[in-house]
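Welcome, and thanks for taking a look at this one with me. Please open the structure and keep it beside you while you read.

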Amino acid sequence: MSTVHTSTGRAPGHVVVIGGGISGLAAAHRLLGGGARVTVLEASDRLGGKLLAGEVAGVPVDLGAESMLARRPEGIELARAAGLGDRLCGPATATATVWTRGALRPMPKGHVMGVPGDLAPLAASGVLSDAGLARISQDEELARTEVGEDVAVGEYVAARVGREVVDRLVEPLLGGVYAGDAYRISMRAAVPQLFEAARERRSLLEGVRDIQARKAAADQASPQEQRPVFAGIEGGVGRLPLAVADAIRAAGGRIRTRTPVRELRRSPGGWQIVVDGPQGAEALDADGVVLAAPAPAASALLTAEAPAAAAELAAVEYASMALVTMAFRRADVEDRLTGSGFLVPPVDGRAIKASTFASHKWGWIADADPDLFVLRTSLGRYGDEEHLHRADEDLVALSLRDLGEAVGLAARPVASRVTRWNGGLPQYPVGHVRRVARIRAEVAKLPGLEVCGALYEGVGIPACVGGGRDAAEALLGTLTAGSEGGE
């Protein structure tokens, strides 16, 4: 049963949420719990943003993000509040490999985003060459590498332990999250624990071991809190936004799709939102607004009221990618595939960047049709999007070619689907944290307006949910204080 717990305090009025991705839906859910009247406006014909449940050959699958970080609670909490608590599940296997240097090699344990703390499993994995392994040990003799206010992950890690660690471990792991370039991605924004270690320690390896020791101590102190690193939802993580939307409607919230916002402007009573409705332009009045749209749309809407914030948002870059989901006859492929899949370092020059053996990773996919085996590949990242201009059948062919080389797969799929996420993932270059701070400072000058979304504090589901919830909390506080002050 899905629920929205409502407040009995003073009503904060009507709030319009612009954007029906998981950030906007999380904000709307919390706003309703705080007693607001809520209208969600989504320009496209569906809700969920980069979360999308679908099927291939009749088997339910995720066609977007497939899991969420379980050790950060916001995504799990929202799933439970939306009635999906009994469908939360961990992966059946999390044993991944790295396809590099001509072979599938085990992902070494004992690392923080690819940066090793223990060299023994790294050496045993064969991911790095002998020269690459030897270079790592120089970290403990090198003088401190200053990081200043921010530094690119790849730049700093390469300076400490060599480029091979970046190219064959950090790049594929970061790429799986941001579809970005490790030599551009902000360490302060993307891997803040490494950034703090770099500021506190001369040696990166010592910093990584400190991080691991603190985590081990926390796990020992609270063993009941230990859980799988990632969680999924039976039927697909793409079910989450739909369940949250149902909870919003059940609590009296209104959701309008195919309703692009044309203009956002201040009004004597708060805000006026001009939309392209079924009968043409329509103006909606609101006491407050949560702007949960991607940077290009948010920039356009803030041009009049917050031009400095709009300029900052206009400078945010996005990466595009595509997912190829394929179903095979299980008997044709199972003896070739082990574990949950593999990552592919861009330095190896392959078309695909990763492959997930979904029928191994998620029990609910395997159970849906025991005679079929579902896997998916990803293509494209920031600065490497040439393949994305090809036809769907070409992306399937490229994926099959690389799978043939990686695992000896020769079978043809019985069905395939290509899902394109054009401009789907915001990039976090060096200086991103300060850019976000500047945007927020400008938005803070406009009472009754909050922003949230993947470009602010994290691209993962829990970060987006947390950002939406925080935006709602801040707006509830502002509007409630305003209503009390007006009495």
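The points below go through the sheet, its helices, a helix end, the cysteines and the salt bridges.

1. A word before we start: what you have here is a predicted model. Please read each distance and angle below as a value computed from that prediction.

2. Start with the sheet. It is open and built from seven strands, which follow the order S8-S7-S18-S19-S20-S17-S21 with mixed pairing. Strand S8 (103–106) and strand S21 (415–426) are the edge strands, each pairing on one side only. From one strand to the next, the twist averages 30°.

3. For a closer look at one pairing, find strand S7 (residues 96–100) and strand S18 (residues 341–343). They run parallel, and three bridges join them. A handy landmark here is Val98, which stands opposite Leu343 in S18.

4. Which strands does helix H6 touch as it packs on the sheet? Helix H6 (residues 163–178) touches S7, strand S17 (318–329), S18 and S21, and its direction makes about 90° with that of S21. Helix H16 (residues 392–407) also deserves a look: it lies across S7, S8, S17, S18, strand S19 (352–356), strand S20 (372–379) and S21. Relative to S17, helix H16 runs at about 70°.

5. Next, turn to Ala81 in helix H2 (residues 74–81). Ala81 and Val244 are 163 residues apart along the chain, yet 8.1 Å separates their C-alpha atoms.

6. On to the cysteines. How many disulfides does a search of the whole structure find? The search finds zero. Cys452 is in no disulfide, and the nearest cysteine sulfur, that of Cys464, is 8.4 Å away. Cys452 counts as buried because its relative accessibility is 1%. Cys89 is buried too, with a relative accessible area of 16%.

7. Finally, please look at Glu312. Its side chain meets that of Arg435 in a salt bridge of 3.2 Å, N to O. This pair links distant parts of the chain, with Arg435 in helix H17 (residues 432–443) and Glu312 in helix H12 (residues 307–314), 123 residues apart. Arg435 counts as buried at 19% relative accessibility, and Glu312 counts as buried at 18%.

8. Glu312 also forms a salt bridge with Arg438, at 2.6 Å from N to O. Arg438 lies in helix H17 and Glu312 in helix H12, so this pair ties together parts that are 126 residues apart in sequence. Arg438 itself counts as partly exposed, at 37% relative accessibility.

Terms used: Residues are numbered from 1 along each chain as its sequence is written. This is a predicted model: local features need pLDDT of at least 70, side-chain atom pairs count only at pLDDT 80 or more; totals for chains, interfaces and linings use all residues. Side-chain values use heavy atoms; hydrogens and water are left out. Two strands pair if DSSP finds at least two bridges between them. Helices (H or I, at least four residues) and strands (E, at least two) are DSSP runs, numbered from the N terminus. Axes are lines fitted to C-alpha atoms, for helices over the stretch in contact, and angles run from 0 to 180 degrees between N-to-C directions. Contact means heavy atoms within 4.5 Å. A disulfide is a pair of cysteine sulfur atoms within 2.5 Å. Buried means under 20% relative accessible area, exposed over 50%, partly exposed in between (1.4 Å probe, protein chains only). A salt bridge is a side-chain nitrogen of Lys or Arg within 4 Å of a carboxyl oxygen of Asp or Glu.
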